[in-house]
Amino acid sequence: MFDKIKRLSKDTLLYGLSIMLGRFINFVLVPFYTNIFDPAEYGVVAHLYAYVAFLSVAYIYGMDAAYLKFASLPELKSKRKETFSTILLSIVTTSAFLTAALAYFAPSVGGLMNLEPARIPLIYWVAAIVALDALCWVPFIHLRLKNKALLFSTIKIVSILVNVGLNILLIVVWGWGIEAIFISNVAASALSLLWLAPYIVGNFTFRFDWTLYKRFMKFGFPYFPASVAAVLMQVVDRPIVERLAGRATLGVYQANYKMGVFMMLFVSMFQYAWQPFFLQSAEEPGAKKLFAKVLTLFTLAGAVILVAVSLFIPDIIQFQIAGKSLIGWRYWGGLHIIPIILLGYLFYGFYVNFVAGLYIKEKSLPAPIIMGVCAAINVGANFALVPEYGVTGAALATLAAYFAMALGFFVVTRRYYRIDYEWGKIGRIFLAVGMVAGAYYFWLAESAPVATPGGAIELLDATWFEKIALLAAFAALLALSRAVEPSEIKRVIARIRGRKSDATEPKDATEPKEPDDDRN
């Protein structure tokens, strides 16, 4: 088992380093935008990128899930190029059609989005971003399946560097407005596609296999409505907040929502390694026990991130360099939603764990139903809570939707692939989180004025000493509750670092080799 956890940990670290670095570089844009643009302008960006997220799913329509599943099947080993090309040709065809339609109907689409006439040209850039990214999906998944983590990471990071560099050039040096954000994104996406072109050519054939395509669609297309529902859960709050509370409020909400990046990074790192891992390990003895242990360790790591970031985020936000803070002072009114967003992402990570059973058993039909119900919960909760509670209501609606998603997939997956998770240990971890949260909000934290260029803002916070004491108390609670046995942690760390003697435990023969340089 621990050889398997070692392998998952190594893959998580490989992809995680690139994702962390890439997301960190991209995250630099948040203080950049919030210290330059006012909340109403940033609200336009948040509004349009919500539609980018939705369109990205429409352009792929479940073909990413199909390729991830079928490209790894031994029975299709002789048809690798046909598998790659059939899915890519399908995406190219539909992307061309959808992009042309979006460009032609741009004025009408802009009206539906409540955009001013001067903002309509932004829709053309949105269409270009989505089309270019859609063409990159299949080759990027191919690199993951081939364990080409270094190449995958390099392309992602360089693309983000180009995006950030162009933002600085166009906005700071040339004085452009928010249109520079979208133009920079188009250039970065085009660079990724150009970089991937040799690998696309190397795996491409003009043979379109209709028999395979029907199989791909049967498995993948049911994930399309599920993906639409998932995106609705992630971004539907933006247009609702914009309609009910205004673009300035949306700008504040978006900036603070972005602070969930600390948990999102962890979940994304895990997800990139987890999907290939569980597909390759599912048929091996002890797989279910292994997957149960993975969830416990995932929960422990996520809980530590949740508590640490929630305690110190006010200090992180207000820290200034050259008079500029991590988030512009005009956005500080939404700091209190950050712990809610972090917890929501943690429950999203539970969903990532639970969905493994449906992938393994090729049961994709329940997914759209669950996701649709959760999306409806999110929409309904937003309409119920935003008018009264503003950004707090939107954050709570997101949390409720992610919790419902995790619960729904857990219940349904057990019918097809039952895993006996370590709920006692997981419960003790959440109990420790709850005790620290109660001590902070009901005992230590106090509202105090913070000076800003626009006047004093009331923020809820505690002293550094109190927060450090709470973090230490949390660690002590975890140790006393024995939610994860110290021997388990020690053993996993030893395996990750390679300090375990081969004489005491044989090396796993399935451990992947270092990726080579061929283009397959």
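User: What makes the approach of the Asn203 side chain to the backbone oxygen of Tyr199 a polar contact?

Analyst: A polar atom of the Asn203 side chain lies 2.8 Å from the backbone oxygen of Tyr199. A polar contact is a pair of N or O atoms within 3.5 Å, one able to donate a hydrogen and the other to accept it, and residues adjacent in sequence count only through side-chain atoms. The distance of 2.8 Å is within 3.5 Å, so the pair is called a polar contact. This is a predicted model, in which local features need pLDDT of at least 70 and side-chain atom pairs pLDDT 80 or more, while totals for chains, interfaces and linings use all residues. Residues are numbered from 1 along each chain as its sequence is written, and side-chain values use heavy atoms, without hydrogens and water.

User: Why is Asn203 called buried, and where is Asn203 found?

Analyst: The relative accessible area of Asn203 is 6%. Buried means under 20%, exposed over 50% and partly exposed in between, with a 1.4 Å probe and protein chains only; Asn203 is therefore buried. Asn203 is found in the loop between helix 9 (179-202) and helix 10 (210-220), helices being DSSP runs of H or I of at least four residues and strands runs of E of at least two, numbered from the N terminus. Although Glu82 is 121 residues away along the chain, its C-alpha atom is separated from that of Asn203 by 8.6 Å.

User: What makes Ser95 buried, and which residues is Ser95 in contact with, leaving aside its neighbours within four places in sequence?

Analyst: Ser95, in helix 5 (residues 80-104), has a relative accessible area of 4%. That value is under 20%, so Ser95 is buried. Apart from those neighbours, Ser95 is in contact (heavy atoms within 4.5 Å) with Tyr59 and Ala134.

User: How do you know that Lys293 and Glu422 meet in a salt bridge?

Analyst: The N to O distance between their side chains is 3.0 Å. A salt bridge needs a side-chain nitrogen of Lys or Arg within 4 Å of a carboxyl oxygen of Asp or Glu, so this pair qualifies. The pair links distant parts of the chain, 129 residues apart: Lys293 is in helix 15, and Glu422 is in the loop between helix 19 (391-416) and helix 20 (423-444). With a relative accessible area of 6%, Lys293 is buried.

User: What makes a nonpolar core, and which residues touch the most other members of the largest one?

Analyst: Such a core is a set of buried Ala, Val, Leu, Ile, Met, Phe, Trp, Tyr and Cys residues joined through side-chain atoms within 4.5 Å. The largest has 169 residues, of which Tyr253, Trp274, Phe291, Tyr359, Met405 and Phe409 touch the most other members. Helix 15 (residues 287-318) gives the most to this core, with 16 residues. A second, separate core of five residues includes Val57, Val228, Val231 and Val235.
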